[in-house]
Amino acid sequence: MSGNKQDEDPRINGIKTKIRVVPDFPKKGIMFQDITTVLLDPKAFKDTIDLFVERYRDKNISVVAGIEARGFIFGPPIALAIGAKFVPLRKPKKLPGETIFEEYELEYGNDRLEMHVGAVEAGDRALVVDDLIATGGTLCAAINLLERVGAEVVECACVIELPELKGRQRLKGKPLCMLVEYR
Amino acid sequence: MFAAENGLKGDPRLEAISAAIRVVPNFPKKGIMFQDITTLLLDHKAFKHTIDIFVDRYKDMQISVVAGVEARGFMFGPSIALAIGAKFVPLRKPGKLPGKVISESYELEYGHDRLEMHVDAVEPLERVIIIDDLVATGGTLSAAISLMESQGAEVVECACVIGLPEVKGQHKLKGKPLYVLVEPSGLDEFC
């Protein structure tokens, strides 16, 4: 498998039809991809998780890292199914223990992603999960955090890609697996 | 009520879950012994036990909705929902949900916060479980219950991994049953 759109599988269309597009959220001009409607359909939600689990179960993944907050919805079920640890990557000051952080750019200004020290070890094989990839800035920060502690990022997994924003090119050469494109 | 008092007394899984939770003193402020579940998520077996215990409890109760409180409720709720064939509904801080929302405010130690839910997420007469990692005063869960009831849904139970001493002895929250797996770790020397 080339790490690209799972466009042969009949489950994909069922998932795609459940994604709700909300215009002008959080601001005018943005067509927001709302996955909460996928979560309201038990079959579509299960199919989403199953597609990722089928892809990763035999790849010796030891860590699934999920990006706050929607990565927390998809990451843990995948981690549980493939026997991996789940590691939350969070906004600043949410994690209680000692953390390391990585900055990334927003449209205006910067933000930070944090990870607990000791959660991921050198040699861990990691997956990064989020609901959507746009510019790839957050995923790039996640990859940096994991690599800094000596983990190997095997792939990034997202339900939705916005290909026109070219986020795929900002993943430090790591492959992206996504289920649905929105143009 | 606590799982040990409700059919799981002596269950070794509860011991494993409790042992996997890390206590972080003085977070977010002095005097608080923070119950950190991220270490539970690093222990695949113990994390699986946590989900399995909730799934075993709810799978034959005709639950159609699992609602999870942002953000740590998101780490437990979806796996339970998937296993029992229910919808997962995220309950979020203000301004995060993109569609039309209803909201309920709740008290913090200083001031208030709000919990929001999409208006179309839950239908009347649906049977709901509300999940969070920890229950302290019950303020957030009470707000969540109000959101569900405003839509005509029935909250069957509130479920948390950890219950602080304030809730020990309480079987109900706003008239709804409360189910908790473990007490806080590492408090013995501070009581």
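**Note on pockets, cavities and one hairpin**

1. The second largest pocket has a volume of about 320 Å³, in what is a predicted model, where local features need pLDDT of at least 70, side-chain atom pairs count only at pLDDT 80 or more, and totals for chains, interfaces and linings use all residues. Residues are numbered from 1 along each chain as its sequence is written, chains are lettered from A and ligands numbered from 1 in the order in which they are written, and side-chain values use heavy atoms, with hydrogens and water left out.

2. On the terms used here, a pocket is an open set of points on a 1 Å grid over the protein atoms alone, with protein on both sides within 12 Å along at least five of seven lines, while a cavity is a set of points where a 1.4 Å probe fits but cannot get out; lining residues have an atom within 4 Å of a point. Grid points are joined across faces, edges and corners, and a volume is the space filled by probe spheres set on the points.

3. The lining of the second largest pocket comprises 14 residues, and Pro77(A), Ala81(A), Ser79(B), Leu82(B) and Ala83(B) lie nearest its centre. At least two lining residues come from each of helices H3 (42-56) and H4 (71-82) of chain A and H3 (44-58) and H4 (73-84) of chain B, helices (H or I, at least four residues) and strands (E, at least two) being DSSP runs numbered from the N terminus. By class, this lining has 9 nonpolar, 1 polar and 4 charged residues, where Ala, Val, Leu, Ile, Met, Phe, Trp, Tyr, Cys and Pro count as nonpolar, Asp, Glu, Lys and Arg as charged, and the others, Gly among them, as polar.

4. Of the 13 residues that line the largest cavity, Asp34(A), Thr36(A), Arg70(A), Arg92(B) and Leu97(B) are nearest its centre, and strand S2 (residues 31-34) of chain A gives the largest share of the lining, 3 residues.

5. The second largest cavity, of about 40 Å³, is lined by Thr36(A), Leu40(A), Val89(B), Pro90(B), His118(B) and Ala121(B), a set with 4 nonpolar, 2 polar and no charged residues.

6. Elsewhere in chain A, strands S5 (residues 99-105) and S6 (residues 110-116) run antiparallel and are joined by 7 bridges, two strands being paired if DSSP finds at least two bridges between them. Glu105(A) has Asn110(A) as its bridge partner, and in the hairpin, with 4 residues between the strands, Gly109(A) takes a positive phi near 90°.
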